[in-house]
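Subject: Handover of a structure and what was found in it

Dear colleague,

Please find below the structure that I am handing over to you. My findings follow it, arranged by topic.

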Amino acid sequence: MSLKHDSKVVKVGNLLSAGLEGETVLMNIQTGNYFGLDSLGAEVLQHLEVPVTIDALSRTLEAEFDADAATIREDLLYLFNQMLEYGLIEVVA
Amino acid sequence: MDYQLCGWRVASDIVIPELLPWMGDDRPVDVHVRLGEPPEALPQPVFATPFLEIAADSTSLLKVMAGRYLIRDGQEIIFRPGLGADPQDQSVFLLGTSLGLLLHQRGMFPLHASSVVIGERTVAMCGPSGIGKSTLVAALAARGHELLADDICAIDFGSQGDRLDVLPALARVKLWQDSLERLLPGEAAVGSAGSHDGPKGHFRFAQTGLLERGEVTPPLAAIIRLRRVSPARPPGCVRLPPFQAASIVNAQVYRLEQSRAMGRTETIFQDCLRIASRVFI
């Protein structure tokens, strides 16, 4: 399944995370899959503690980063589709 | 008879030919191997297969042809030989699965790897079954490098800062007969053990004496994952990025699924990151 701009996503509950040499390493307890995030990715992850739509998060991040909401939205879609595949986030209705 | 294994004093009712005798001080026994009567089953196991049960307190019961092994408190293995079982197989399960579970019970980190000392460094080889971990360490041992462990490396996070150590386990390697003949012509295996792929012979190496002298082994410097590549490609070694390295180490934890049943997932995750940040992988 592929995410859309209005998909609402949230971090899954059974994640372990820790810092490693400037990266944030995540592991899904159920699957044992590892995933590495750079500092930017780690910051984005902090916004996923509560369910949020990709559109809304793009607008929030626009204020923090030097990029327009449309670019951020495309980057988020790419990242979140990967994270979804690895079982790090889930879609909420 | 008392033996040395992973730095512990092991008192055993049964002969374990793979281990060196205890030559340390007069300290209390760390691990007991006793002949006894393990139960047929564990009450309310949190993990159960026809061969292995694990209880909520991590007590484990291994049921195989060689016999029944009850492993508990990280310090006791109670063993009952199976009817007509080959005595060779007894120590295979004792030093394989039972040791792995015991290490988990003791809160230690068992890596599915074989390890040798190369100069001032300890190197561990991991990879899928049949890739040649044991053959490679046997070849290195035949060239005079001290063998520390075959199949299970107990990694000790120790008290010395960032240092990691492989606790010395066995002075023997499990090898295919053809590898044995090629590496060590004229040598006889000390025993043989069934494997799912066929018979493997054990060979015990004449060590350079580091372990016999009770000397400290050098720190773990590298974990090398062996992979088969096309013969057209030259052999080589690539360092993995940190999170991938941690993921590889996690996948190589000995009896990983069982360690999850023991509630060790988070500890193992943290340990993998510590290893990945300190060791070349």
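A residue is termed buried if 20 or more other C-beta atoms lie within 10 Å of its own, exposed if 12 or fewer, and partly exposed in between. Leu240(B) has 16 other C-beta atoms within 10 Å and is therefore partly exposed. Please note that what you have is a predicted model.

Leu240(B) and its surroundings

Leu240(B) lies in the loop that runs between strand 18 (220-225) and helix 4 (242-251) of chain B. Leaving aside residues up to four places away in sequence, Leu240(B) touches Ala245(B), Ile248(B) and Ile281(B). Val33(B), by contrast, is 207 residues from Leu240(B) along the chain, and the C-alpha atoms of the two are separated by 40 Å.

Chain B as a whole

Chain B contains 6 helices and 18 strands. Of its 281 residues, 42% are buried. Among the contacts in chain B with a separation of 6 or more, 59% are between residues 24 or more positions apart.

Strand 13 (residues 152-156) of chain B has 4 of its 5 residues buried, so the rest of the structure largely encloses this strand. Strand 13 of chain B pairs with two strands that I would point out. With strand 10 (residues 109-118) of chain B, the pairing is antiparallel and runs over 4 bridges; here Ile152(B) is the bridge partner of His112(B). With strand 14 (residues 165-167) of chain B, strand 13 is joined by 3 bridges, again in the antiparallel sense. In that pairing, Asp165(B) is the bridge partner of Asp156(B).

Helix 3 of chain A

Does the length of this helix agree or disagree with what its number of residues should give? Helix 3 (residues 69-85) of chain A has 17 residues, which at 1.5 Å a residue should span 24 Å; the C-alpha atoms at its ends are 24 Å apart, so the two agree. Its buried residues are Ile72(A), Leu76(A), Phe80(A) and Met83(A). Viewed down the axis of helix 3 of chain A, the buried residues fall within an arc of 60 degrees and therefore line one face of the helix.

The covering of the buried residues of helix 3 of chain A includes strand 1 (8-11), strand 4 (34-37), helix 2 (54-64) and strand 6 (89-92) of chain A. On the face turned away from the buried side, helix 3 of chain A carries the exposed residues Ala70(A), Thr71(A) and Tyr78(A). Just after this helix, Gly87(A) adopts a positive phi of about 75 degrees.

A sheet in chain A

Chain A has an open sheet of 3 strands in the order 5-1-6, with antiparallel pairing. Strand 5 and strand 6 of chain A stand at its edges with a single partner strand each, so one side of each has no neighbour in the sheet. Strand 1 and strand 5 of chain A pair in the antiparallel sense over 2 bridges, and Val9(A) stands opposite Val52(A) in strand 5 of chain A.

Thr53(A) belongs to strand 5 (residues 52-53) of chain A. With 15 C-beta neighbours inside 10 Å, Thr53(A) counts as partly exposed. Its contacts, not counting residues up to four places away in sequence, are Asp6(A), Ser7(A) and Lys8(A). Of these, Ser7(A) is 46 residues from Thr53(A) in sequence, while their C-alpha atoms are 5.3 Å apart.

Where the two chains meet

The contact takes 11 residues from chain A and 12 residues from chain B. On the side of chain A that touches chain B, the elements giving two or more residues are strand 2 (15-20), strand 3 (23-28) and strand 4 of chain A. The residues on that side of chain A divide into 7 nonpolar, 2 polar and 2 charged.

Confidence

The model scores ipTM 0.75 and pTM 0.84. The mean pLDDT of chain B is 85, with 83% of its residues reaching 70 or more. Over residues 192-199 of chain B, pLDDT stays under 50, and the model has 14 contacts beyond four places in sequence for them. Where pLDDT is low, the predicted coordinates should not be read in detail.

How values were computed:
Residues are numbered from 1 along each chain as its sequence is written. Chains are lettered from A and ligands numbered from 1 in the order in which they are written. This is a predicted model: local features need pLDDT of at least 70, side-chain atom pairs count only at pLDDT 80 or more; totals for chains, interfaces and linings use all residues. The expected span of a helix is 1.5 Å times one less than its number of residues. The arc is that of the directions from the helix axis to the C-beta atoms. Two residues are in contact if their C-beta atoms, placed from the backbone, lie within 7 Å. pLDDT is the predictor's confidence in each residue, from 0 to 100. Ala, Val, Leu, Ile, Met, Phe, Trp, Tyr, Cys and Pro count as nonpolar, Asp, Glu, Lys and Arg as charged, and the others, Gly among them, as polar. Two strands pair if DSSP finds at least two bridges between them.
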